[in-house]
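Dear colleague,

I am passing on the structure below, and I would be glad if you could look through it alongside my notes.

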Amino acid sequence: MSKDIHTEEVDQLFQAILTLRTLDECYTFFEDACTINEILSLSQRFEVAKMLREKKTYLDISRKTGASTATISRVNRSLIYGNDGYEMVLKRMGIEKPADSEEDGGES
């Protein structure tokens, strides 16, 4: 169905990212490696994931982030059926789920 991203080249890219130590280094690397729109799209998806986790409605998320409902749905599917990557990173950043949060991640 989808391409296998587990390749030597992707491993090398992720190893390179793991060497970054500061926000300035991240900006330097990602501004060279990605277009501004790619960086903004990634940051938008991350914000959408945070807001979905907080049980915000699609309408609220779209208004705040400018994300389309297709993008919000894609991120929501990742939260529900994905590899828990967003969850892992959000927890490590100290961004906890709201206490009354359900595990279903459904549209509000």
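The notes below take up a pair of helices and then the aromatic pairs.

Please keep in mind throughout that this is a predicted model. Helix α3, which covers residues 36-53, and helix α4, which covers residues 58-65, have axes that come within 10 Å and cross at roughly 145 degrees, and the crossing of α3 and α4 is right-handed. On the α3 side the contact is made by Gln44, Glu47, Val48, Met51 and Leu52, which meet Tyr58, Asp60, Ile61, Lys64 and Thr65 of α4.

As for aromatic pairs, searching the whole structure gives 2 of them. In the pair of Phe29 and Phe30, the ring centres are 5.3 Å apart and the planes stand at 85 degrees, over the 60 degrees required, so this pair is edge-to-face. Phe29 is partly exposed, at a relative accessible area of 25%, and Phe30 also counts as partly exposed, at 23% relative accessibility.

The other pair is Phe46 with Tyr86, whose ring centres lie 6.5 Å apart and whose planes are at 35 degrees, so the pair is tilted. Because Phe46 belongs to helix α3 and Tyr86 to helix α6 (residues 85-92), this pair ties together parts that are 40 residues apart in sequence. Phe46 counts as partly exposed at 22% relative accessibility, and Tyr86, with a relative accessible area of 22%, is likewise partly exposed.

How values were computed:
Residues are numbered from 1 along each chain as its sequence is written. This is a predicted model: local features need pLDDT of at least 70, side-chain atom pairs count only at pLDDT 80 or more; totals for chains, interfaces and linings use all residues. Side-chain values use heavy atoms; hydrogens and water are left out. Axes are lines fitted to C-alpha atoms, for helices over the stretch in contact, and angles run from 0 to 180 degrees between N-to-C directions. Helices (H or I, at least four residues) and strands (E, at least two) are DSSP runs, numbered from the N terminus. A crossing is left-handed if the near helix is turned anticlockwise from the far one by less than a right angle, and right-handed if clockwise. Contact means heavy atoms within 4.5 Å. Rings of Phe, Tyr and Trp (its six-membered ring) pair if their centres lie within 6.5 Å; planes under 30 degrees apart count as stacked, over 60 as edge-to-face and the rest as tilted. Buried means under 20% relative accessible area, exposed over 50%, partly exposed in between (1.4 Å probe, protein chains only).
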